[in-house]
Amino acid sequence: MSEALRSLLDLLDLERIEENIFRGASRPAVIPRVFGGQVAAQALVAAGRTVEPDRPAHSLHAYFLRPGDPGAPIVYTVDRIRDGRSFTTRRVVAVQHGKPIFHLSASFQLHEEGLDHQEPMPAAPDPETLPTAGELLPTYAHLLSPGVVDRMLEARSAVDLRYVDEPPYATAAQGPREPRSQVWFRTNGKLGGEIDAPLLHVCLATYVSDMTLLDSVLLAHGRGGWAVGDVVGASLDHAMWFHRPFRADEWLLYDQSSPSSSGGRGLGQARIYTADGRLAVTVIQEGLVRVPRV
């Protein structure tokens, strides 16, 4: 297991400071605020720690309310909304400096059998044939704002994330293209032992899900994104549905697209597939996407 992955796992191992109250730290992000995937994953950890382990998470719905301060701890308060025979519902509020920065509602379900179908996995190349972030990012350093390559490599060091096609910041000068992006990802190291719990894999996927989802919005308009400074953006809300079990330390295909952008907001939608073709997760996010004023 890489040191970066150990650091991320420590980040997700929240401190319990009272019944239903947890505290988490932060780690550096590409932009000077708490990474949205981090606060979403930590909030899901907090919710999951108040639920019986035989009830895995099946959905979450979240709103990003204020930018998080990476220099201050985040306090997560869990409201035990309902414990039913089949479903458990939790609401989590993340607070910094006395103000809520994030709200999450999550639902957990006791396993049961039922009807089963899915959309097939789209075509994608073998992830082992694609360049790693460490190989890819330095080749675009001349296109990016100063220091961005180092910050991106540090922020993503716990995850092996590989683009199928060139990322937005590499092709912005070529103009708009199809609003679709694919990446393969897995953790930089295997999970095992006491930490190898289904909730952790779900929380790790939640963490990664905020990294690239709005790429397809940028592609539709020939924008390189925050890495090159031609848009200003932030996550606004985020929803995930967990359909089938998966492991975050094995290759997962993140197939992303954007059906719409308007009013300074862009919508991204995605599906996450296991390498053997099972649809594991559906993700939808709307983000703030503004063109900077000259």
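Which residues is Ser 181 in contact with, leaving aside its neighbours within four places in sequence? That was the first thing I looked up today. A reminder to myself before the entries: this is a predicted model.

**Entry: Ser 181**

I found Ser 181 in strand E8, which covers residues 180-187. Leaving aside neighbours within four places in sequence, I listed its contacts as Tyr 163, Asp 215, Ser 216, Leu 219, Tyr 254, Asp 255 and Gln 256. I then checked accessibility: Ser 181 has a relative accessible area of 6%. Because buried means under 20%, Ser 181 goes into my notes as buried.

**Entry: the nonpolar cores**

Next I turned to the nonpolar residues. The largest nonpolar core has 70 residues, and Val 39, Leu 44, Tyr 76, Phe 102 and Phe 242 touch the most other members. Helix H2 (residues 36-48) gives this core its largest share, eight residues.

**Entry: salt bridges**

How many salt bridges does the count come to? I wrote down 18, and went through a few of them.

Arg 49 and Asp 13 meet through their side chains at 2.7 Å, N to O. The two are 36 residues apart: Arg 49 sits in the loop between H2 and strand E3 (57-64), and Asp 13 in the loop between helix H1 (3-12) and strand E1 (15-18). Arg 49 is partly exposed, at 33% relative accessibility.

Glu 19 pairs with Arg 80, with the closest N and O atoms 3.2 Å apart. This pair links distant parts of the chain, 61 residues apart, with Glu 19 in the loop between E1 and strand E2 (21-24) and Arg 80 in strand E4 (residues 74-83). I have Arg 80 down as partly exposed, with a relative accessible area of 35%.

Asp 79 and Arg 91 form another salt bridge, their closest N and O atoms being 2.7 Å apart. Asp 79 lies in strand E4 and Arg 91 in strand E5 (residues 87-96), so the pair ties together parts that are twelve residues apart in sequence. Asp 79 is partly exposed at 33%, and Arg 91 is partly exposed at 40%.

Last, I traced a network of salt bridges that links Lys 190, Asp 196, Arg 247, Asp 249 and Glu 250.

Key: Residues numbered from 1 in each chain as written. Predicted model: local features only at pLDDT ≥ 70, side-chain atom pairs only at ≥ 80, totals over all residues. Heavy atoms only, no water. Core = buried A, V, L, I, M, F, W, Y, C linked by side-chain atoms within 4.5 Å. Buried < 20%, exposed > 50% of the residue type's maximum accessible area, 1.4 Å probe, protein only. Helix = DSSP H or I, 4+ residues; strand = E, 2+ residues; numbered from the N terminus. Contact = heavy atoms within 4.5 Å. Salt bridge = Lys/Arg side-chain N within 4 Å of Asp/Glu carboxyl O.
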